[in-house]
Amino acid sequence: MRGVLVILACLFASLSPLDCNQQGSIPEGDLLVLTVATQETDGFRRFLRSAKHFNYTIRVLGKGETWKGGDYMSPPGGGQKVRLLKSALEDIQEENKVILFVDSYDVIFSSGPKELLKKFQQAKHRVVFSAETLIWPDRHLEDKHPHVREGKRFLGAGGFIGYAPNLKQMLSDWSGADSDSDQLFFTKIYINPEKRKSINITLDNKCRLFQNLHGALDEVMLKFEDGRVRARNVLYDTLPVIVHGNGPTKLQINYLGNYIPNLWMFETGCTICNEDLRPLSGLQESEYPVVVIGIFIQQPTPFVTVFFERLLNLKYPKNRLRLFIYNQEYHHEPHVRTFLEYHESEYQGVKLIGPEEDIDPETSRDIGFDMCREDIDCVYFFSIDVDVVLKNKDTLRILIELNKPFIAPMMSKPGRLWTNFWGALSADGYYARSEDYVDIVQGRRVGLWNVPYVSNIFLIKADTLRTDLKDPDLFESETLDADMAFCSKVRDKGVFMFVTNMHTFGRVLSTENYQTNHLHNDLWQIFENPVEWEERYIHENYSKVLKDGLIEMPCPDVYWFPVFTDVACKHLIEEMEHFGQWSGGGNVDKRIQGGYENVPTIDIHMNQVGYDKEWHKFLLDYVAPVTEKMYPGYFTRAQFDLAFVVRYKPDEQPALSPHHDASTFTINIALNQVGVDYQGGGCRFLRYNCSVTAPRRGWALMHPGRLTHYHEGLPTVEGVRYISVSFVDP
């Protein structure tokens, strides 16, 4: 009796006896996934990885063929897929075989065969196509599509599932060219009532099986739960099994593909970051891959000398490195020349393009790529702009070991929500913030991220340059900046640009407002690049002053602590000597208010060299905290009327007579080294009969200026002594 009821139900539902036999769950072994991929791209590898994750059986069609089916930028196209599918179906004889046919370059699976087959079975049709909100390529056919109560109305050819016999019937009339439109072919079948009924076709209107992203970006969001990541359609509250970045939605599928299926989860973090690595440990130096490092100097940039110092410190055999240096700035010629003079011989080879060659920046980058492309031994090209602060000495090794065709280390600018990558693009191709951008930048999500744009620093495989990116003029565009044009062309070639934030690599300098009218222009960077300024100019033990009490008291209420590096001292001296307008040491001094100095010195004021604002920032950030620690209850804004560098010479002004300073407290920093640069000197506090006769270079003496600390400058008997003096809170 039960069997009779099943047969009657089948008849009333207009289903064939075969359908009735399938009312039990479809065995996963009956499913075969077919896709077309004429070449192996990053997108194809992503597709296969997602399929492997869920144990799909995949058969790839068209390997090695030349693709003639067009692309989403220039419709129509796709006929080649239909031809290949029709041919493949001829070899499939099983009546119960279920075929899933999907694109591959822009498709990811978010669930497994069991769920897919269950939802297919629930659709109660022999063939189910993906559905879209937008009709394409012929809008005139809109009225011929069946209306639906709810959901998407138009057929999408990028994904469909059905029984092999029905698919064979559907493709039996195909005789088109490879360049014809598959979308139009299937659409005409679907809008034909007789064919639609005969083949038994329906659409996945509510995206239970297939999610096409084109026209639906606002509908789709990531769903994290129970150790899984899915794409959720919030409009229909469905969890599609297959996500397709059709048409101009490649960036969104890339974004979703950073997480689906289970590539990154809150419970585990990155699950693929240790896959397919290229370990370098254990290799002999001669076995390391040869890398061409491209260094690009396109504008006046601070701390270029430091850049080359860090380049030298990279932990990578220099005899496996070749350098390509492009310098557009005459200002930086001495920096490049000095580096090459001392270190060129350490590298396997060096090619330099200087400003006198008048080569534009875009062409220079192509020339750099060619240096690697044309070198049979070159395995990687490592591009670094000179504004990159490469703090991590292992950066090159780390990037190589991650084994990606294109990868960049994440870099940021201190104190700003700025990085060398974009998480998304706006409609006109400029910066847009992805939902996960801030979490990635601030390290709350750590891993490998497929992004639409990188700049400043990246590593690219030579094979990728010789194949996918072999075209010249990669940086040329009539409308886009060079870096944006390059990234656009990389994306169009299907090459994924990854950025990693699994390590701290460094930062990018701010080049705004960088002036080149001084001898040591980096001294002026305390506002624009405070972190780099501090590393260059503040003593390595300064942090111990406040943290560990690294402060000495050589005389009563006189405090002595490290503040400047040797480089800071050297640069200040050289800057003042370069300026050269030392005072005459007389009482009449038009530089100060009132025009009269009671205790004159041979000096140059900070405001004479335009350094008064920077000096105030230095006093506020590095001296004021020490003052408030050592003189409890006193608060200072580090204001000053006089701050200057003093020069003592035996034949000029060797000493300074006893005096009080016009200050609440005074800072006196030794800028050079007693016993090496000069003999004698020092400071004596008369009231306490206490002298500091061996001042340390870069250390500051801090003492009250008025009333209690009457003092004198002891004679310099040989050489030249330099000190920096500040009368704070006059």
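Let's start at proline 261. This residue sits in the loop between helix 9, residues 250-256, and strand 12, residues 264-265. Look at the bond leading into it. The peptide bond from isoleucine 260 to proline 261 is cis, with omega near -5°. Keep in mind that this is a predicted model.

There is another cis bond to see. It runs from tryptophan 136 to proline 137, and its omega is near 5°. Where is proline 137? Find the loop between strand 5, 127-132, and strand 6, 154-163.

Now to backbone angles. Go to cysteine 207. Its phi is near 60°, which is a positive value in a residue other than glycine. Cysteine 207 is in the loop between strand 7, 201-204, and strand 8, 210-212. Is cysteine 207 buried or exposed? Its relative accessibility is 0%, so it counts as buried.

Aspartate 358 also has a positive phi without being a glycine, near 55°. You'll find aspartate 358 in the loop between strand 16, 349-353, and helix 12, 361-373. This aspartate is exposed, because its relative accessible area is 71% and the cut-off for exposed is over 50%.

Next, helix packing. Two packed helices are described by the angle between their axes and the distance between the axes. Take helix 4, residues 79-89, and helix 6, residues 164-171. They pack at an angle of about 135°, and their axes are 10 Å apart. That angle makes helix 4 oblique to helix 6. The crossing of helix 4 past helix 6 is left-handed. Which residues meet there? From helix 4 come Val82, Leu85, Lys86 and Leu89. From helix 6 come Leu167, Lys168 and Leu171.

On to the cores. In soluble globular proteins, nonpolar side chains tend to be buried together. Here the largest nonpolar core has 51 residues. Which of them touch the most other members? They are Leu256, Phe369, Phe381, Phe406, Phe421 and Phe486. Helix 16, residues 482-492, gives this core its largest share, 4 residues.

Zoom in on phenylalanine 369. Leave out residues up to four places away in sequence. Then phenylalanine 369 touches Phe381, Phe458, Leu465, Leu474, Phe475 and Phe486. There is also a second, separate core, with 47 residues. Its members include Met606, Tyr611, Tyr622 and Val728.

Now serine 583. It lies in the loop between helix 19, 566-579, and strand 30, 603-605. Why does serine 583 count as buried? Its relative accessibility is 15%, and the cut-off for buried is under 20%. What does serine 583 touch, not counting residues up to four places away in sequence? The contacts are Arg591, Thr601, Ile602 and Asp603. Compare isoleucine 272. Along the chain, serine 583 and isoleucine 272 are 311 residues apart.

Last stop, the annotation. An unreviewed UniProt entry places the feature "domain: Fe2OG dioxygenase" at residues 639-730. How far apart are the end C-alpha atoms of residues 639-730? They lie 8 Å apart. The span is 0% helix and 53% strand.

Note on methods
Residues are numbered from 1 along each chain as its sequence is written. This is a predicted model: local features need pLDDT of at least 70, side-chain atom pairs count only at pLDDT 80 or more; totals for chains, interfaces and linings use all residues. Side-chain values use heavy atoms; hydrogens and water are left out. UniProt positions are given in the numbering used here, feature names are shortened, and annotations may be inferred rather than shown by experiment. Helices (H or I, at least four residues) and strands (E, at least two) are DSSP runs, numbered from the N terminus. A nonpolar core is a set of buried Ala, Val, Leu, Ile, Met, Phe, Trp, Tyr and Cys residues joined through side-chain atoms within 4.5 Å. Buried means under 20% relative accessible area, exposed over 50%, partly exposed in between (1.4 Å probe, protein chains only). Contact means heavy atoms within 4.5 Å. Axes are lines fitted to C-alpha atoms, for helices over the stretch in contact, and angles run from 0 to 180 degrees between N-to-C directions. Angles under 35 degrees count as roughly parallel, over 145 as roughly antiparallel, 65 to 115 as roughly perpendicular and the rest as oblique. A crossing is left-handed if the near helix is turned anticlockwise from the far one by less than a right angle, and right-handed if clockwise.
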